[in-house]
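Welcome, and thank you for taking the time to look around with us. Please have a look at the sequence and the model below, and then we will walk through them together.

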Amino acid sequence: QTEVPIAARRYWTLQFIRLGGIFVTFLGAMMVVGRTGDDGWIGPALFGVGPLLFFVVLNNLHKSDWTQLALYVLVFTGVAIAIYGIVQVIAGVDHVWHFTRPEQYKGRGSGTFINPNHFAGFLGMLLPLCLASVLTGRISQPMRILLGYSALLLLGGVAVSMSRGGWASTSLALAAVIGVTAVGRVLGLLVEFGDDLRKSHFVR
């Protein structure tokens with residue numbers, strides 16, 4: 001009975017060591033770049049570290065609970081950034097922390113991003129996930145309501161970004177989510193109807 005927790009503990013310790021090693025290596029590379037001023041290989045470094053982190057996460061997040069937790073963290077982080085972007089537009093703030101945004105971004109929400117287009121792209125990726133969880137996710141009713149309001153805030157963040165590309169991509173993503181959900185509902189009703197018809201035929 002004690003072997004399973006010990007094995008699980010060793011497994012997760014090994015995974016955290018791997019992730020920590022990747023993170024420390026990446027930070028060390030960035031420090032070297034900062035000291036030497038040679039930033040020509042930052043792009044290739046990110047290109048290599050990104051897929052590596054992806055496969056590490058993919059091979060370890062097997063349980064649906066971990067996947068849901070990752071989804072909640074991403075969505076609520078996006079909601080916080082969206083609220084920040086909305087406040088920027090309402091209050092007329094032209095700073096992101098202590099950085100001054102360029103003049104061409106005045107009147108546009110960017111959240112913690114300097115570029116409003118990047119801000120809209122980030123929220124536009126989270127919004128379909130949030131909406132799909134509301135429509136099809138097996139979650140509790142309070143969490144469904146919370147995610148519904150979160151989807152509205154994400155949509156408001158995309159709106160205040162004034163990014164036409166963000167508007168277009170978000171609209172297409174929402175249309176795809178709603179379309180797939182509607183098709184799934186129709187197919188489910190057809191399957192239920194066919195099953196009821198088959199049962200009634202056997203009863204006769």
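Is Ser-163 buried or exposed? Keep that question in mind while we get our bearings, and remember that what you see is a predicted model.

Let us begin with the overall layout. The protein has six helices and two strands. Starting at the N terminus, these elements follow one another in the order α-α-α-β-β-α-α-α. The protein has 204 residues, and 27% of them count as buried. Its accessible surface is about 14000 Å², with 71% of that belonging to carbon and sulfur atoms. Among contacts with a separation of 6 or more, 58% are between residues 24 or more positions apart.

Now turn to the inside. In soluble globular proteins, nonpolar side chains tend to be buried together. Here the largest nonpolar core has 23 residues, and those with the most contacts inside it are Val-75, Leu-123, Cys-130, Leu-147 and Leu-154. Helices H3 (64–91), H4 (116–136), H5 (141–160) and H6 (164–203) each supply at least two residues of this core. The most comes from H4, which gives eight residues.

Next, follow H4 itself. At 1.5 Å a residue, its 21 residues should span 30 Å, and the C-alpha atoms at its ends are 30 Å apart, so the two values agree. At the start of H4, a side-chain oxygen of Asn-115 comes to within 2.8 Å of the backbone nitrogen of Asn-117. Some aromatic rings deserve a glance too, for the structure holds two aromatic pairs. One of them is formed by Phe-113 and Phe-122, a tilted pair with 5.7 Å centre to centre and 45° between the planes. Phe-113 is partly exposed, with a relative accessible area of 25%.

From here, move on to H5. Its 20 residues should span 28 Å at 1.5 Å a residue, and its end C-alpha atoms are 29 Å apart, which agrees. The buried residues in H5 are Met-143, Leu-147, Ser-150, Ala-151, Leu-154, Gly-157, Val-158 and Val-160.

Apart from neighbours within four places in sequence, Leu-155 is in contact with Leu-127 and Leu-174. Its C-alpha atom is 9.6 Å from that of Val-79, although Leu-155 and Val-79 are 76 residues apart in sequence. Val-160 also has its place in H5, but Val-160 counts as buried, at 16% relative accessibility. Not counting residues up to four places away in sequence, Val-160 touches Gly-85, Ile-86, Val-89, Arg-108, Gly-109 and Phe-119.

What comes after H5? H5 is followed by Met-162, whose phi is positive, near 60°, although Met-162 is not a glycine. Met-162 sits in the loop between H5 and H6 and is partly exposed, with a relative accessible area of 41%.

That brings us back to our opening question. Ser-163 is also found in the loop between H5 and H6. Ser-163 has a relative accessible area of 4%, so it is buried, since buried means under 20%. Which residues lie around it? Leaving aside neighbours within four places in sequence, Ser-163 is in contact with Arg-108, Pro-116, Asn-117 and Ala-120. With one of these, Asn-117, the side chain of Ser-163 makes a polar contact of 2.9 Å. Asn-117 is also the residue whose backbone nitrogen is approached by Asn-115 at the start of H4.

Note on methods: Residues are numbered from 1 along each chain as its sequence is written. This is a predicted model: local features need pLDDT of at least 70, side-chain atom pairs count only at pLDDT 80 or more; totals for chains, interfaces and linings use all residues. Side-chain values use heavy atoms; hydrogens and water are left out. Helices (H or I, at least four residues) and strands (E, at least two) are DSSP runs, numbered from the N terminus. Buried means under 20% relative accessible area, exposed over 50%, partly exposed in between (1.4 Å probe, protein chains only). Contact means heavy atoms within 4.5 Å. Accessible areas come from the Shrake-Rupley method with a 1.4 Å probe; for residues, only the protein chains shown count as cover. A nonpolar core is a set of buried Ala, Val, Leu, Ile, Met, Phe, Trp, Tyr and Cys residues joined through side-chain atoms within 4.5 Å. A polar contact is a pair of N or O atoms within 3.5 Å; within protein, one must be able to donate a hydrogen and the other to accept it, and residues adjacent in sequence count only if both atoms are side-chain atoms. The expected span of a helix is 1.5 Å times one less than its number of residues. Rings of Phe, Tyr and Trp (its six-membered ring) pair if their centres lie within 6.5 Å; planes under 30 degrees apart count as stacked, over 60 as edge-to-face and the rest as tilted.
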